[in-house]
Amino acid sequence: MGVVSKGGGALPISRNKNVSKIGILIQIEDDKPRNVYPHEINKKKIDITSHLETMIGADDVSHVTDQESISEEDISHMISTFPELIEEGLKFIDTEVEISGGRIDAVFRSKNDEHLLIEIEIEARDNAIGQVQRFITYAEKYGIPRDRIRLGIVCAKISESRLNACIGAGVEVYTLSLEKRA
């Protein structure tokens, strides 16, 4: 079986026209095909398993496809270019900072000389909260007093229970939102 795009080229799911050994999921909505999995959006591969896991864990299934249209890379670019979206006076330092126990998605410095260490997620889940708590090793690596380190998550969506867990753990949460200006 061969699968090609409108332009006749190979689809990103196979990198060639032969998909005989690749499972395909077609999402139907209102009796019309809405999406096919696996596929690629914003250079991010969306496979069948991760899509189904996202749907199972979603509070509202109607938002699942919309969340996949933005990537963590998009969010990283946005906040590193415009750190004032997070906080006035914030300065971008670096992305993808390696530390023992993981990698920090983005590092900023506040006007009070605090380091804000950010985990970026489309939808913040329990693993993101645990991951950001391991960022404290950044203080040791760079010789920064722990009281000058702030931990945060930037995400498109977070459930109320996970938001409460962040509050209890001292993790700051910033959600993407649009403000109507006119």
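## A pocket and a sheet

Let's start with the second largest pocket: its lining is made up of Met78, Ile79, Leu85, Ile86, Val154, Tyr174, Thr175, Leu176, Ser177, Leu178 and Glu179. This is a predicted model, where local features need pLDDT of at least 70, side-chain atom pairs count only at pLDDT 80 or more, and totals for chains, interfaces and linings use all residues. Numbering runs from 1 along each chain as its sequence is written, and side-chain values use heavy atoms, with hydrogens and water left out.

A pocket here is an open set of points on a 1 Å grid over the protein atoms alone, where a 1.4 Å probe fits and protein lies on both sides within 12 Å along at least five of seven lines; lining residues have an atom within 4 Å of a point. The second largest pocket holds about 310 Å³ of space. Helix α3 (72-81) and strand β9 each give its lining at least two residues. Here is how that lining divides:

| Class in the lining | Residues |
|---|---|
| nonpolar | 8 residues |
| polar | 2 residues |

Strands are DSSP runs of E with at least two residues, helices runs of H or I with at least four, and two strands pair if DSSP finds at least two bridges between them. Inside the sheet, β7 (residues 115-124) and β8 (residues 149-158) run parallel, paired over 9 bridges. Ala124 sits opposite Ile158 in β8.

How values were computed
Points joined across faces, edges and corners; volume = space filled by probe spheres on them. Nonpolar A, V, L, I, M, F, W, Y, C, P; charged D, E, K, R; others polar.
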